[in-house]
Amino acid sequence: MAASEATGAAPGGGRAGGGRAGRPGRAGWPGRPRPRSAQSRRNTRVGLALTAPALALVGVFALFPLGFGVYISLTNWPLVGPYHFIGLANYQSLIHNSVFLQSIVFTLKYTAIVTIPIFVVGYALAVFVRANRPGTTLFRTLIFLPYIVGLVAESFMAVVELQPSSGTADFVLSRLRIASDTTAWTVRSGLATTAICVLVIWFASGLTMMLLMAGMQGIPAELYESARVDGASWWSAERRITVPLLRRSIALSLIISVVGSFLAFNQFFIITDGGPGTSTVSVVMSIYDTAFADTDVGLASAMSVVLIIVVGLITFIQFHYLQGDGD
Amino acid sequence: MASVRSGRPQPGAPPAPASDDRARAAGRRARPAGRAAGRGDRGGLVLYIVAGVAISAVFVVPLLWEVFRSLQPESAVTTPPSGANLSHLTFANYRTLLSGQDDIIRNVMNSLIVAVLTAVLTALVSMLAGYGFGLFRFRGSGLVFGLVLLAFMIPFQAVLTPLFLELHFLRLLNSLIGLALFYTTFNLPVGVYVMRNSFLQVPREIVDAARVDGASVMRTLLTVLRPLVLPGIATAALYAFLFSWTEFLGALSFMTNDSLFTLPVALSNVETGTYGAVNYGLLLAGAVIAMIPCIVVYVALQRYYVRGLISGALKG
């Protein structure tokens with residue numbers, strides 16, 4: 001097939017340029033045969049100098065805190081005052097920390113609830129805007145706006161609109177006979193979670209749409225034409241051509257959405273403040289509370305390490321599962 | 001407007017899109033625009049536009065409605081909606097919010113300073129690093145690139161506590177510069193990735209010609225290459241600006257001094273009534289103010305935003 005030839009050539013050819021310093025041609029600054037050592041030393045010097053600021057920032061504000069966090073998690077570090085090395089005691093106490101365990105369960109549940117709707121809605125929207133018809137550019141922009149505006153501003157708006165009897169949510173839903181006009185959304189944890197899930201699905205579908213649309217537009221049109229000549233229906237073309245060729249985009253959009261949900265903080269902090277009780281405390285929020293309200297930095301760091309491991313696992317599993325047998 | 005102009009039926013091969021420059025690279029569209037091509041197309045087109053307007057409304061009307069609500073007096077925001085209070089519109093919420101007392105202007109300025117600083121720093125550092133990774137093959141470049149991208153795998157939410165202590169030691173807590181450095185770091189993976197790709201796409205001959213002319217490394221970057229990679233720079237800066245403007249958790253953790261709060265943190269104080277009684281009218285007005293720069297910047301520069309998404313989507 002013509003298309004597979006074209007794409008098959010790309011990875012090998014493209015990556016080859018990234019080889020060793022001595023390779024003449026594509027990548028190095030001086031592109032012709034030369035006294036190798038002087039040139040490559042100069043290349044190394046200039047290259048390192050150019051990339052040093054980026055490396056320094058990442059080192060100081062990302063990699064160091066990561067290592068530092070692991071170290072702190074092995075101590076009883078309070079926000080102020082002396083600390084002792086206490087081994088794995090923080091991790092052991094996590095097993096009995098009901099708020100933290102509850103927050104993990106709640107966050108997993110929340111992630112499970114929103115992921116599929118975000119993906120399905122995002123996919124449907126991507127199908128709708130991928131063709132270049134009059135108006136699509138405008139539709140894309142408008143559908144994407146909630147994501148651009150950001151969940152923080154929208155959460156503040158939700159706070160006002162979820163007020164019993166005065167908020168727009170009750171006003172509209174009571175006329176549709178879905179809720180009463182005095183439904184207090186943030187007083188019951190089920191209602192609060194429902195409201196936040198709806199908000200997040202509305203907010204995040206646009207991003208999935210854009211990511212999937214970008215992938216869809218990279219699929220050669222001939223594939224669809226030949227499928228049509230073969231008499232394939234729209235649905236079977238979608239299943240046999242779009243979905244397999246879209247694996248990477250699907251993996252990426254799912255990873256972004258799942259990891260994003262698992263790291264949720266803003267909407268819960270702003271709309272429910274974890275309530276009622278601690279029923280809507282997300283993992284990041286329980287870390288935040290432990291560190292800054294309880295000032296138990298050691299314990300909070302242990303929670304963070306667990307969070308990093310869980311997020312890493314989620315990413316790895318999804319990546320492996322969705323991409324593994326793709327190529 | 002584009003949507004109105006071409007109301008005629010479209011044959012199988014659709015025209016190149018006006019705004020998506022990626023389409024040029026891809027060569028053709030994903031799918032013939034005229035699936036319903038032929039005689040029934042005009043009807044299909046009308047149906048498509050009607051559906052598009054309806055779907056767009058789902059995403060935009062809530063935002064517009066909040067703008068409208070923010071123009072209602074506070075009393076109308078907190079009482080059951082009725083026909084009477086729909087007609088009374090006023091800038092009172094905005095006047096109160098912006099009239100010294102709550103000092104929200106200072107918070108807007110803080111947000112703006114941090115967002116612009118983050119955008120400039122991200123663009124600058126990403127440009128240099130992209131230049132290095134893209135055009136200089138050097139020993140260890142793979143390792144350095146891997147380390148920079150590693151920041152992408154570290155959720156900043158998970159290093160917040162150690163970072164708080166570190167910023168404290170560095171005297172960068174309660175510092176707009178400290179906040180901007182933190183934001184810049186976590187925008188670098190995307191920025192460096194985009195910039196490296198931009199430099200990799202620069203035609204080899206141009207780089208060679210500059211070298212033959214004896215231009216120095218920096219001179220080549222600033223005079224010859226800069227115009228070629230400017231779209232990439234715009235992408236990196238745009239992402240960083242939007243990230244910084246809408247970020248909440250970091251600012252909430254690292255800023256404890258009222259006068260240094262960014263807008264979202266200040267609004268969370270309005271919400272909980274730290275500045276006196278809770279005023280939902282003010283909260284709505286503040287949220288609308290927070291929304292405006294995002295929309296303006298995005299609508300003006302959206303082709304650069306889409307570029308970034310695509311380079312991310314294709315990287316796999």
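Let me begin with chain A, where 43% of the 327 residues count as buried, a residue being buried if 20 or more other C-beta atoms lie within 10 Å of its own, exposed if 12 or fewer, and partly exposed in between, with C-beta atoms placed from the backbone. What you see is a predicted model, in which local features need pLDDT of at least 70 and side-chain atom pairs count only at pLDDT 80 or more, while totals for chains, interfaces and linings use all residues. Residues are numbered from 1 along each chain as its sequence is written, and chains are lettered from A, with ligands numbered from 1, in the order in which they are written.

Staying with chain A, we find 14 helices and zero strands, where helices (H or I, at least four residues) and strands (E, at least two) are DSSP runs numbered from the N terminus. Of the contacts in chain A with a separation of 6 or more, 65% are accounted for by residues 24 or more positions apart; two residues are in contact if their C-beta atoms, placed from the backbone, lie within 7 Å.

How far can we trust this chain? The predictor's confidence in each residue, pLDDT, runs from 0 to 100, and for chain A its mean is 84, with 87% of the residues reaching 70 or more. Within chain A, confidence is lowest in helix α1 (residues 2–16), at a mean of 34, and highest in helix α4 (residues 98–130), at 95. Over residues 1–33 of chain A the pLDDT stays under 50, and for that stretch the model has 28 contacts beyond four places in sequence.

Now some details of the backbone. Most residues other than glycine have a negative phi, and most peptide bonds are trans. In chain A, however, a cis peptide bond joins G275(A) and P276(A), with omega at about -5 degrees, and P276(A) lies in the loop between α12 (266–272) and α13 (283–293). The loop between α12 and α13 of chain A also holds D273(A), which has a positive phi of about 50 degrees although it is not a glycine. D273(A) is partly exposed, because 15 other C-beta atoms lie within 10 Å. Another residue other than glycine with a positive phi, near 60 degrees, is R177(A), placed in the loop between α7 (168–175) and α8 (189–217) of chain A. With 7 other C-beta atoms within 10 Å, R177(A) counts as exposed.

Let me turn to chain B. Of its 316 residues, 45% count as buried, and its secondary structure comes to 14 helices and zero strands. Residues 24 or more positions apart account for 75% of the contacts in chain B with a separation of 6 or more.

Where does α9(B) bend? The bend, by about 50 degrees, is at L188(B), and a proline, P189(B), follows within four residues; the bend at a residue is the angle between axes fitted to the seven residues ending there and the seven starting there. Because 20 of its 25 residues are buried, α9(B) is largely enclosed by the rest of the structure.

By contrast, E205(B), in helix α10 (residues 204–212) of chain B, is exposed, with 9 other C-beta atoms within 10 Å. Its C-alpha atom and that of P81(B), 124 residues apart along the chain, are separated by 67 Å.

Finally, how do the chains meet? The contact takes 95 residues from chain B and 84 residues from chain A. On the side of chain B that touches chain A, helix α14 (residues 280–315) of chain B gives the most, with 16 residues. Leaving aside neighbours within four places in sequence, L283(B) is in contact with residues including F156(A), V159(A) and L267(B).
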